[in-house]
Amino acid sequence: MLGALLVTLWAAAPAAAQDYESLNRTDQLARLDPGSRSAIESILDSARASGLPTEPLLSKTLEGISKRADNRRIVSKVREVYVALREARLALGANASKDELSAAAGALQAGVPATMLARFRSAHAKSVTVPLVVLADLITRGVPRDTASNTIMQLWQGGAADGDFLGLWRGVERDIVSGAPPAMALMQRAREYPLRAPPAGRAPGNPPQPETTSP
Amino acid sequence: MPLRKPYAALSLALSLLAPRGAALAQVASQVEAGASLTTRDAVVPASVFTVTPGLSYSGEYGSVSARGAMWYADQQWQLADGALHGTLVSPTIYGVRAELLGNASRAFYDRELQNDQVDLQTRIHLLLKEKGGIWIGGGLARPWRVAVASSVDVRGGGAWTTLYGATVSGNFTNFYFTKVAQSTDTAESAQFCGASTAIAPANLARIASFSREAPRTDCHRQSQFSDLEASVHYAVKFLEITAQSGMRFGSAFDVGVSSRHWAAGTATAWLNDRVAAIAGGGRQPSNPARGLPARNYFSLGMMLAYWPIPKGTVPVEPITASVRSFDAHALKSGDVRITLRVGGVERVELMGDFTDWSALVMTRRGRDLWEITVPMNLGVHQINVRLDDGPWLPPPGMPTRKDGFNGEVGMLVVNP
């Protein structure tokens, strides 16, 4: 009898903890004004109804609250994330993980077209999370969208691993900080993966090569 | 060649004022005190009690530091070693950076053995990726109150890298100068001086000013020697360890047997964020350019340090520049230990999607190490850090994303 009770409690504990966590997070929405809270809850309901993860939306809400953002701005940003998540799932498919959807939503918000996301998914079944995180960052740092998208895509198609993308990002970031033009930095660093990088100057949006002058 | 301090310290905090508008700049102060035992060949071992205040200012384009030492020996206090250092740093372009270094220092071994020196050097650094670099440089040093009749030409180069969390460096330095040798110095000196010309009259007065008794059997000699030195610095949690070892190359005239090889080490254990215990010891080579002999030392002491951050200053640069490193390490417990190194701040907070964007205060572990352990699933997480109630910023070393609230978040990838 006691054993059965313990087993029941053990089984129920995670669900109870999750409920408590969810309740605790929802309670934090009370820090929003009633209108904004209602708007956020409406977006969360829509996400649940369409089978999208609500965690990125709730996370964006809590982030905005913690950063003391204006309530209307928080609602606006959460709505943007919702739309991006919906578009990301269309591009990546229903089996995409929460992390993948969140990364894809970030890439869409950075300007990556949805068709490119679909190409990432069709090229490989493995997680697209890290390549898309790196891609969104590169665009944010000033690499032209097409240059960044095509370079990362070529590496992805070539079988680059998460570590390769993070290594590429480190190199590019360092070069940009050192004064290199962002597009040039990416193209040069990508050549460190000779079997994977696109041929120089052939990727759409590739920046013109610097003119060389004789001394 | 910088003198290794042959003592450690017990310290006191100092309050300092920092210039307005320089939040990126860091001001640090400390007072060290401790006991030191030194031995030299053919000299009675000496133990002294030392008190050493010091302060430094580091900005974006340079730094200045000063420190002095008071020694208590023979039942009286003496103003002993002192040094003033300044560095100007150029912006880094394509991994290349230039530095101009100037030093003025006073070395004090005892009442009969002390002198002063100013030196100026330039260096070119080439940063190789983020885990190493090489440099070459050269300059001049001008010692006083020592029998060196010329400036000391200093040329050298070195390389550094990080291995398993430790910083490893190797340096090669060549010293070239005209020495006023005495035939009584060594057998080689006697032979050399016996065959050489006498000192030029113009230099006699100068030599007389170097020493109380100008020797009559002096001669000029072009001296040259080279040092090859390797050092390791390892900081883990509250412990910092520095070890160095070196070899000296040169003729028997310039390099005595006692300075052909040397090694030394220092361990600093931070008891809390202000107090540290220090122990050090080893062999310090001679410095022929300054007439200082080799010696052994052992020291034990305490240090109290203080890094005040003035309120109301306006950052002139993103303060993330001062976060030197960020590391996240997944533990077997399922938690992730996050550490970052940032100096000159009083408070570091962290938040992210894994904390439901609630700010957590990180714990200081030593001089500039901040640590926190948080539950975090594997995968990609969004993260921000905040220094001294400043803006929320992405940590260095990871991709970022705009947060939609006029800021950015770091995208932290947690692997098993």
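Contact here means heavy atoms within 4.5 Å. The model is predicted. Leaving aside neighbours within four places in sequence, His381(B) is in contact with Asp353(B), Phe354(B), Met376(B), Gly410(B), Met411(B), Leu412(B) and Val414(B). His381(B) lies in strand 21 of chain B, which spans residues 379-387. Its relative accessibility is 9%, so His381(B) counts as buried. The side chain of His381(B) makes a polar contact with the side chain of Asp353(B) at 3.2 Å, and also reaches the backbone oxygen of Asn377(B) at 2.6 Å.

| Pair | Distance |
|---|---|
| His381(B) side chain, Asp353(B) side chain | 3.2 Å |
| His381(B) side chain, Asn377(B) backbone oxygen | 2.6 Å |
| Lys67(A), Asp403(B), closest N and O atoms | 2.8 Å |

Turning to the interface, chain A contributes 33 residues to the contact and chain B contributes 31 residues. About 2,600 Å² is buried between chain A and chain B, and carbon and sulfur atoms give 54% of that area. On the side of chain A, the residues that lose the most area to chain B are Lys67(A), Arg174(A) and Ser178(A), together 20% of what that side buries.

The rule finds 1 salt bridge across the interface of chain A and chain B; Lys67(A) forms a salt bridge with Asp403(B). Between the two chains, 9 residue pairs are in polar contact, both residues being at pLDDT 80 or more. Among the elements of chain A that give two or more residues to the side touching chain B are helix 1 (2-28), helix 4 (71-92) and helix 9 (162-177). By class, that side of chain A has 11 nonpolar, 10 polar and 12 charged residues.

Notes. Residues are numbered from 1 along each chain as its sequence is written. Chains are lettered from A and ligands numbered from 1 in the order in which they are written. This is a predicted model: local features need pLDDT of at least 70, side-chain atom pairs count only at pLDDT 80 or more; totals for chains, interfaces and linings use all residues. Side-chain values use heavy atoms; hydrogens and water are left out. Helices (H or I, at least four residues) and strands (E, at least two) are DSSP runs, numbered from the N terminus. Buried means under 20% relative accessible area, exposed over 50%, partly exposed in between (1.4 Å probe, protein chains only). A polar contact is a pair of N or O atoms within 3.5 Å; within protein, one must be able to donate a hydrogen and the other to accept it, and residues adjacent in sequence count only if both atoms are side-chain atoms. Buried area is the accessible area (1.4 Å probe) that two parts lose on being put together, summed over both. A salt bridge is a side-chain nitrogen of Lys or Arg within 4 Å of a carboxyl oxygen of Asp or Glu. Ala, Val, Leu, Ile, Met, Phe, Trp, Tyr, Cys and Pro count as nonpolar, Asp, Glu, Lys and Arg as charged, and the others, Gly among them, as polar.
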